[in-house]
Amino acid sequence: SFRVKVIEDNDAKVLALRSGEIDAIIGSSRLSYDAYGELSSDNSYGTSVDETASTTRYLGLNLSTTPFNDVRVRKAVAYALDQDTLCSIIFQGIEQSAETLFESDKPYCSVKQTTYSFDLDKANELLDEAGWIDRDGDGVREKDGQTLVFTMLYKQSSGSLDDAALTIASQLAQIGFSTTTAGTDTMTWYEAAGSGNYKIIMAQTYGGAYDPTTVMTNMNIDVSTDYIFMQISSMLKDGNALLIELDSTSDLERVQEIYAETLETIADQALVIPVSYTREFAAWNENIISDYDFYPDSLYINIEGIHIG
């Protein structure tokens with residue numbers, strides 16, 4: 001038999017594992033990266049990282065509002081992100097830098113796409129070209145009476161995202177953004193993501209069997225409630241008609257063509273900014289559990305995959 005305990009605080013979870021109150025903590029949303037690193041260096045505990053990436057972490061931008069309705073500003077954000085540093089320091093080397101919205105091994109995603117390597121000079125050049133200038137020397141760019149001052153939303157319940165959000169804000173500060181981070185509960189985050197009530201938001205793809213198909217479907221404004229991806233429809237050459245065709249055609253060659261056009265547009269126009277490919281991990285009491293087999297979908301804990309003894 002097994003019991004599931006809900007322990008909100010990350011430190012309390014680790015203490016519960018150390019005291020024997022619980023036997024395992026499974027999933028990257030339930031354990032911080034720092035805590036995982038601490039437990040993995042202790043021989044009293046077994047730990048494991050899934051070899052397969054589960055989701056893509058990315059920045060969503062409100063494309064209909066200033067300044068993100070300008071492709072030059074979006075590209076500047078992409079060039080300003082140092083994903084390698086973020087992954088190695090904040091995510092303990094577990095997450096890997098993401099160059100594209102989906103890894104190439106996902107169905108229909110082996111498509112040549114524009115990528116943005118870390119380049120502060122290029123980012124600053126693009127913002128200068130777009131007319132965003134720090135005229136008063138306070139470190140924040142302005143244009144036509146507006147400033148690059150934003151609040152970046154993220155789901156606070158996810159492990160280590162506080163530090164990740166602060167790191168991203170720090171990186172954007174190097175190109176003249178002033179970004180306040182705001183961790184919210186899950187329902188508040190979903191309300192903002194679904195209504196477009198944000199300027200910058202940290203998000204993840206759906207993972208498991210939902211990537212990439214559900215993400216692509218949720219770009220179709222006729223069926224979607226995901227504002228982040230709905231915005232992409234208007235940026236495509238044939239608009240929403242292309243996504244309607246994707247959901248109705250049985251021609252696999254045409255499906256591949258639509259994926260290619262959509263993913264190339266997302267990358268060329270920097271419509272979302274990939275950050276990292278996430279991977280699931282787990283820690284357990286080695287006196288009770290010997291190993292754990294991860295489930296393909298990160299939303300689920302694979303009880304059958306817990307090996308006792």
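Predicted model: local features only at pLDDT ≥ 70, side-chain atom pairs only at ≥ 80, totals over all residues.
A residue is counted as buried when its relative accessible area is under 20%.

Strand 11 is paired with strand 1 and with strand 2. Strand 1 (residues 24-26) runs antiparallel to strand 11, and three bridges connect the two; within this pairing, Ile26 has Ala282 as its bridge partner. Strand 2 (residues 45-49) is likewise antiparallel to strand 11 and is joined to it by five bridges, with Gly46 facing Trp284 as bridge partner.

A further sheet is open and contains six strands, arranged in the order 4-10-3-9-7-8 with mixed pairing. Its edges are formed by strand 4 (96-97) and strand 8 (178-184), each of which pairs on one side only. Strand 8 is parallel to strand 7 (residues 149-155), and seven bridges link them. In this pairing, Thr179 of strand 8 is the bridge partner of Phe150.

Two packed helices are described by the angle between their axes and by the distance between those axes. For helix 1 (residues 10-19) and helix 2 (residues 33-40), the angle is about 20° and the axes lie 10 Å apart. Helix 1 is therefore roughly parallel to helix 2, the cut-off for this description being an angle under 35 degrees. The crossing of the two helices is right-handed. On the side of helix 1, the contact comprises Asn10, Val14, Leu17 and Arg18, which meet Ala35, Glu38 and Leu39 of helix 2. By class, four of these residues are nonpolar, one is polar and two are charged.

Several loops carry backbone features of note. A cis peptide bond, with omega near 5°, leads from Thr66 to Pro67; Pro67 belongs to the loop between strand 3 (56-61) and helix 3 (71-80). The bond from Asp211 to Pro212 is also cis, with omega near 0°, and Pro212 is located between strand 9 (200-204) and helix 8 (213-217) in a loop.

Gln92, with phi of about 55°, is placed in the loop between helix 4 (83-90) and strand 4 and is partly exposed, at a relative accessible area of 36%. Ala270, with phi of about 50°, lies in the loop between helix 11 (252-268) and strand 10 (272-277); this residue is buried, at 2% relative accessible area.

Note on methods
Residues numbered from 1 in each chain as written. Heavy atoms only, no water. Axes fitted to C-alpha atoms, helices over the stretch in contact; angles between N-to-C directions. Helix = DSSP H or I, 4+ residues; strand = E, 2+ residues; numbered from the N terminus. Parallel < 35°, antiparallel > 145°, perpendicular 65-115°, else oblique. Left-handed = near helix turned anticlockwise from the far one by under 90°. Contact = heavy atoms within 4.5 Å. Nonpolar A, V, L, I, M, F, W, Y, C, P; charged D, E, K, R; others polar. Pairing = 2+ DSSP bridges. Buried < 20%, exposed > 50% of the residue type's maximum accessible area, 1.4 Å probe, protein only.
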